Amino acid sequence: MRTVEEHLSAILGALTPLPPLDLSLLEAQGGVLAEPVVAPVPLPPFDNSAMDGYAVVASDLVSAPVTLPVIGDVMAGDQGVMAIRPGLCCRIMTGAPMPGGADAVVPVEWTDHGTVSVWIDRPAPAGNYVRLAGEDVRAGQTVLPEGTFLGATQLGMAAAVGRSRLLVRPKPRVVVLATGNELREPGTTLSPGQIWDSNSFMLTAAVIEAGGVGYRQAIVSDDAEHVLETIEDQLGRADVIITTGGVSMGARDIVKEVLSDRVTFTPVAMRPGRPQGFGLLSGGIPIFTLPGNPVSAYISFQVFVRPALRALQGLPPAPLDSVTAALTQPVSSPDGIRQYLRGALSYGADGYSVTPASAQGSHQMGSLSSSNVLISVPSAATQLSAGSRVEVLRLPS
Ligand code: AMP
Ligand code: MG
């Protein structure tokens with residue numbers, strides 16, 4: 001039986017990062033840069049005003065209050081043809097280019113707002129409220145290194161240096177399919193023995209939370225041909241395929257049967273989530289065959305699939321964020337098995353504490369949806385007393 005770490009490293013070892021695509025800025029959101037972004041010009045590109053006010057020669061103001069004639073206006077977008085000389089000033093708006101000869105800006109709040117001449121109540125040092133060319137970014141500076149995750153601020157940075165397209169490793173496209181003859185679409189009426197499919201909705205949403213593009217595929221019956229055809233059909237739009245169900249020891253464990261040549265099915269020393277499968281389909285598309293029980297499927301996703309999705313984008317395959325917390329009650333755990341317990345993390349005067357959910361069955365969605373963490377109980381721990389400090393993994397919220 002593999003440990004969690006062994007199974008994860010087997011998965012990561014088989015993955016190759018997605019090939020980069022040339023995408024427009026907003027298509028690139030959530031992608032990872034596959035090139036450095038270099039500023040072709042300084043930012044700001046020209047000296048400009050940081051305030052609405054008056055562009056002045058600072059030495060004119062040493063004996064302020066003073067009154068100066070106003071020779072014109074410069075607005076943001078003006079082409080920088082205005083100039084003043086000592087004894088004169090002009091009105092200037094935020095972002096407007098500094099007029100030739102001016103070396104300071106007096107904000108409008110320090111004046112009588114005059115348009116023909118202006119009374120200025122105090123002196124200003126040279127450079128006052130002037131944004132100098134290049135004080136943000138130098139020409140030739142790498143503003144976003146290769147490997148940067150592209151969120152809102154990074155896209156803003158790329159646009160600010162004039163880029164309309166970027167070379168990025170895109171969000172992985174993940175097709176989720178649930179297998180099981182007992183499964184029906186939510187919103188339909190159940191016959192005896194049937195249940196509504198929850199895994200495919202939960203995992204498609206989890207893919208999106210993990211930074212991928214999730215495609216939910218309709219329910220697949222426990223039929224060899226149906227399973228294979230559906231997987232074949234999906235290969236065209238998938239960077240990753242996830243299945244749930246059909247991988248344990250039952251008489252109808254069809255996923256295991258039809259994929260046994262391409263997928264390594266292996267028990268992993270974890271609870272829940274013991275039966276795991278991973279392999280590469282044609283074209284090198286990774287497939288994860290997760291267990292059918294919803295809690296097992298979800299925890300398997302967080303422990304194995306999430307880091308893999310990051311690796312496909314060339315990001316470090318980091319686990320869920322964790323904190324250390326004190327158990328509010330004792331916990332027992334099987335020897336040699338890493339146990340993930342659902343729990344509620346809270347923060348108080350004594351720091352973080354965590355209370356395990358009372359229901360820990362792998363079919364019990366009720367306690368999963370009301371938990372905000374997974375308590376990671378090391379495989380060697382069998383009894384943990386109240387007050388023991390444990391690692392808890394925060395579930396995406
Ligand atoms: P299996 O691994 O296919 O034997 O499924 C294990 C258990 O998980 C069974 O009780 C299934 O009914 C349940 N199960 C499998 N797939 C789903 C699903 N998509 N949604 C909810 N429960 C499921
Ligand atoms: Mg099944």
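Domain bounds, as used in these legends, come from an automatic or database domain assignment.

**Figure 1. Division of the predicted protein chain into domains.** The model shown is predicted. Its protein chain is divided into four parts: domain 1 (4-18 + 171-312), domain 2 (21-42 + 139-169), domain 3 (48-131) and domain 4 (322-394). The centres of domain 1 and domain 3, taken over C-alpha atoms, are separated by 66 Å.

Figure 2. Ligand 1 takes up the space of the largest pocket. There are 15 residues around ligand 1, and Glu182, Asp197, Ser198, Gly246 and Gly292 come nearest. By residue class, the shell around ligand 1 consists of four nonpolar, nine polar and two charged residues.

Figure 3. The side chain of Asp197 places an N or O atom 2.7 Å from a nitrogen atom of ligand 1. Backbone atoms also take part: an N or O atom of the Gly292 backbone lies 3.2 Å from an oxygen atom of ligand 1, and a backbone N or O atom of Asn293 is likewise 3.2 Å from an oxygen atom of ligand 1. When ligand 1 is taken alone, 480 Å² is exposed, and the protein buries 76% of that area.

Figure 4. Most peptide bonds are trans. Ala64 and Pro65, however, are joined by a cis peptide bond with an omega of about 5°. Pro65 is placed in the loop between strand S5 (53-56) and strand S6 (66-74).

Figure 5. From Arg271 to Pro272 the peptide bond is cis, and its omega is near -5°. The loop that holds Pro272 runs between strand S19 (270-271) and strand S20 (275-280).

**Figure 6. The backbone at His113.** Most residues other than glycine have a negative phi. His113 is not a glycine, yet its phi is positive, at about 65°. The loop between strand S8 (104-107) and strand S9 (117-120) is where His113 is found.

Definitions and conventions. Residues are numbered from 1 along each chain as its sequence is written. Chains are lettered from A and ligands numbered from 1 in the order in which they are written. This is a predicted model: local features need pLDDT of at least 70, side-chain atom pairs count only at pLDDT 80 or more; totals for chains, interfaces and linings use all residues. Side-chain values use heavy atoms; hydrogens and water are left out. A residue is near a molecule or strand if one of its heavy atoms lies within 4 Å of it. A polar contact is a pair of N or O atoms within 3.5 Å; within protein, one must be able to donate a hydrogen and the other to accept it, and residues adjacent in sequence count only if both atoms are side-chain atoms. Accessible areas come from the Shrake-Rupley method with a 1.4 Å probe; for residues, only the protein chains shown count as cover. On a 1 Å grid over the protein atoms alone, a cavity is a set of points where a 1.4 Å probe fits but cannot get out, and a pocket is an open set with protein on both sides within 12 Å along at least five of seven lines; lining residues have an atom within 4 Å of a point. A molecule sits in a cavity or pocket if more than half of its atoms lie within 2 Å of its grid points. Ala, Val, Leu, Ile, Met, Phe, Trp, Tyr, Cys and Pro count as nonpolar, Asp, Glu, Lys and Arg as charged, and the others, Gly among them, as polar. Helices (H or I, at least four residues) and strands (E, at least two) are DSSP runs, numbered from the N terminus.
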